[in-house]
Protein chains: 2
Amino acid sequence: MAKACILIADGTEEMEFTITYDTLVRAGVSCASAYVPSGADNDASFTSPPFARGSRGINILPDMFFSPQDCTPDKFDLLVIPGGAKGAETISTSSPVQHLVRRFLDEGKFVGMICAGSLAAKTSGLAKQPITSHPSVKSELEKNFDYREDPVVVSGKLVTSRGPGTTFPFALTLVELLCGAEKRKDVAGPMVFPPNTFA
Amino acid sequence: MAKACILIADGTEEMEFTITYDTLVRAGVSCASAYVPSGADNDASFTSPPFARGSRGINILPDMFFSPQDCTPDKFDLLVIPGGAKGAETISTSSPVQHLVRRFLDEGKFVGMICAGSLAAKTSGLAKQPITSHPSVKSELEKNFDYREDPVVVSGKLVTSRGPGTTFPFALTLVELLCGAEKRKDVAGPMVFPPNTFA
């Protein structure tokens, strides 16, 4: 069974987080959400992950704390970085996260980034390659990457996407890459997409 | 400012909940999620709402407990019932919820139901009218209602929809009804829908 580690922080875009997690679970992928504390929280000592306050005020309880020891590519097949300006900033500026992004790709595992989450491609120092993101952070990425405006861009094992409105095709692309085209169809059917959209 | 009360229970479909809540917040609608305990929980006494365990394992902290006194149509312009088989069963079989559904519609306020949440139209004893739902509960609704298979069905103040894949058009329709067509466009733009889908 494929396993995914989905990062979450205060300010994460809750639709991008939830659609990705839920769609992967529907495909039989085992998902764990890992809470990345902001700089201000780093000094605190928690016994369990606090809830993450989403970008539009939905409070989500993460499954675990992010830890560079527990979120490694030998334990997971996919690392996902959702958007939401504040959440993506916290996650993309974390040097342990940046290190893990490189390790996942070096070891042939998948990394997904969506919306402002794509900033992590730059902060992790990834090589110039095709990428997309939310239009609001395009200017921060277009010099370092071959910037595209497709809903989903697959570049080797790096999968990037644009915003809440592209999260379904992003999640379904991850399902297809991890579990095959047949599973993508099995998962999309019961989700009842309107005709001529994503089904 | 328009206000929405969005019900949630253990087993609620977390995408349907999150997309609706988040999209309404983006339109400036003040949202409160209200936790409906299952029968087993009714005897317990809580001091704060417990988290709701979503249908695919995402744990969400509701904003408040559901109470027939606090979720009334004088306080909210819209009542939303999301799907997820177990969550929709808990919500649609709650007689205080059924009473409120009728009050909202009687007092000219909006009620939204999506996926298995549409079962609440039947349990609340609503008059025969156009309705849709997740295909899995169609057989329970088609005798009592004028059943449709459109992504979103608007019947007076009752708005119904089909599943996770139709939640964006469901939420954007609610935005349009509460805040106007211009606001719907303002909200959809930054969500970056793929061309020819919902934008």
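A salt bridge is here a side-chain nitrogen of Lys or Arg lying within 4 Å of a carboxyl oxygen of Asp or Glu. The exercises below concern a predicted model, and each is followed by a worked solution.

**Exercise 1. Apply the definition to A:Glu13 and B:Arg26, and find where in the chains the two residues lie.**

Step 1. The closest N and O atoms of A:Glu13 and B:Arg26 are 2.8 Å apart, and the cut-off is 4 Å, so the pair forms a salt bridge.

Step 2. A search of the whole structure finds 16 salt bridges over all chains. Within that setting, A:Glu13 belongs to the loop between β1 (3–8) and α1 of chain A, while B:Arg26 belongs to helix α1 of chain B, and therefore the pair joins two chains.

Step 3. Between chain B and chain A the count is 2 salt bridges.

**Exercise 2. Describe the interface of chain B and chain A by its contacts and its buried area.**

Step 1. Begin with the contacts: 38 residues of chain B touch 38 residues of chain A, where contact means heavy atoms within 4.5 Å.

Step 2. Continue with the area, since the size of an interface is often given as the accessible area lost when the parts come together. Chain B and chain A bury about 3,000 Å² between them, and 71% of this lies on carbon and sulfur atoms.

**Exercise 3. Work out how helix α1 and helix α6 of chain A cross, and which residues make their contact.**

Step 1. The axes of helix α1 (residues 14–26) and helix α6 (residues 167–179) of chain A come within 9 Å and cross at roughly 30°, and the crossing of α1(A) and α6(A) is right-handed.

Step 2. The contact involves, among others, A:Met15, A:Ile19 and A:Leu24 of α1(A), together with residues of α6(A) including A:Phe168, A:Leu172 and A:Val175.

Step 3. Sorted by class, this contact of α1(A) with α6(A) has 10 nonpolar, 3 polar and 1 charged residues.

Note on methods
Residues numbered from 1 in each chain as written. Chains lettered and ligands numbered in written order. Predicted model: local features only at pLDDT ≥ 70, side-chain atom pairs only at ≥ 80, totals over all residues. Heavy atoms only, no water. Axes fitted to C-alpha atoms, helices over the stretch in contact; angles between N-to-C directions. Helix = DSSP H or I, 4+ residues; strand = E, 2+ residues; numbered from the N terminus. Left-handed = near helix turned anticlockwise from the far one by under 90°. Nonpolar A, V, L, I, M, F, W, Y, C, P; charged D, E, K, R; others polar. Buried area = accessible area lost by both parts, 1.4 Å probe.
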